[in-house]
Amino acid sequence: MKLLITKSNLLAVLFTILAASFLLAFSYYFSVKFQIPLEAMTADPMSTFDAHPFIGLISNLGVLLWCTTASICFFAGFYLRQKKHNKEGLFLISNGVITSALLLDDFFMMHEYLFYTLQLVFYGVYLIGFIWYCYHFIRLIFLTEFIILGLAFAFLGASVFIDVVFPNVGFEYFIEDGFKFLGICTWMLYFVRTSYKMIIAP
């Protein structure tokens, strides 16, 4: 198989290396700024804290599902835009952005730890994003399997409600995270099925 070196793939390789190098430099900066051992910035958390590999199992799976959903939405969205299905493409790309924001919030515990005092602000931003989302795409959503998306919102909403109203200890914490995981699973199911159906639609 002939290896073709083009300007396009050279730029892709360069961008990938630069992005990865930036993240490495970013982790080194935070290691120095917050006096975190450098090896702790690169090692697996379970190895760093000598914890059981199943610690955080549901949380880690949730992050993987967020990532899967965002990747599929971006891929399908840009593909549809290229095929001139602009409304559908924008719908999926927008969901890729929203899912990526939820992914980063969940993975780095932004509203729970890094910006705990701004927790209500995070919820307010999510509410505004939800309203914007419905305003722009409600008609398109009703042409899809919207009941699955409704389930996802119901599960995630229940998780937020429990998080705000009840203390995050014991069984309440398990119920909250259980609803969140169900919400993530149904969120992924909806967008995977929707992306597939939009791509194969005549």
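Reply: Helix α4 passes helix α5 in a left-handed crossing (the near helix is turned anticlockwise from the far one by less than a right angle). The model is predicted, and local features need pLDDT of at least 70, side-chain atom pairs pLDDT 80 or more, whereas totals for chains, interfaces and linings use all residues. Residues are numbered from 1 along each chain as its sequence is written, and side-chain values use heavy atoms, without hydrogens and water.

Helix α4 covers residues 57-82 and helix α5 residues 86-107; helices here are DSSP runs (H or I) of at least four residues. The axes of α4 and α5 come within 7 Å and cross at roughly 160°, the axes being lines fitted to C-alpha atoms over the stretch in contact, with angles from 0 to 180 degrees between N-to-C directions. The two helices, α4 and α5, are therefore roughly antiparallel to each other (over 145 degrees; under 35 is roughly parallel, 65 to 115 roughly perpendicular, the rest oblique). By class, the contact of α4 with α5 has 16 nonpolar, eight polar and three charged residues; Ala, Val, Leu, Ile, Met, Phe, Trp, Tyr, Cys and Pro are nonpolar, Asp, Glu, Lys and Arg charged, and the others polar.

The loop between α4 and α5 holds K84. The phi angle of K84 is near 70°, a positive value in a residue other than glycine. With 66% relative accessibility, K84 counts as exposed (over 50%; buried is under 20%, partly exposed in between, with a 1.4 Å probe and protein chains only).

Within α5 itself lies T99, which is buried, its relative accessible area being 0%. Beyond its neighbours within four places in sequence, T99 is in contact with W66, T69, A70 and W187, where contact means heavy atoms within 4.5 Å.

Helix α5 also packs with α9, at an angle of about 155° and with the axes 12 Å apart. That makes α5 roughly antiparallel to α9. The crossing of α5 and α9 is left-handed. By class, the contact of α5 with α9 has nine nonpolar, four polar and three charged residues. The residues of α5 that meet α9 include F91, L92, I98 and T99, and those on the α9 side include K180, I184, W187 and Y190.

S159 touches E176, F179 and K180, not counting residues up to four places away in sequence. Its relative accessibility is 5%, so S159 counts as buried.

The loop between α8 (146-165) and α9 (170-200) contains F166. With 39% relative accessibility, F166 counts as partly exposed. Outside the four places on either side in sequence, F166 is in contact with F161 and E172. F166 and L151 are 15 residues apart along the chain, and their C-alpha atoms are separated by 22 Å.

Finally, the UniProt record (an unreviewed entry) lists residues 12-31, 51-78, 90-108, 114-134, 146-166 and 178-196 as "transmembrane region"; such annotations, with shortened feature names and positions in the numbering used here, may be inferred rather than shown by experiment. In the model, residues 51-78 are 79% helix and 0% strand, and the end C-alpha atoms of that span are 40 Å apart. Residues 12-31 are 100% helix and 0% strand, with end C-alpha atoms 29 Å apart.
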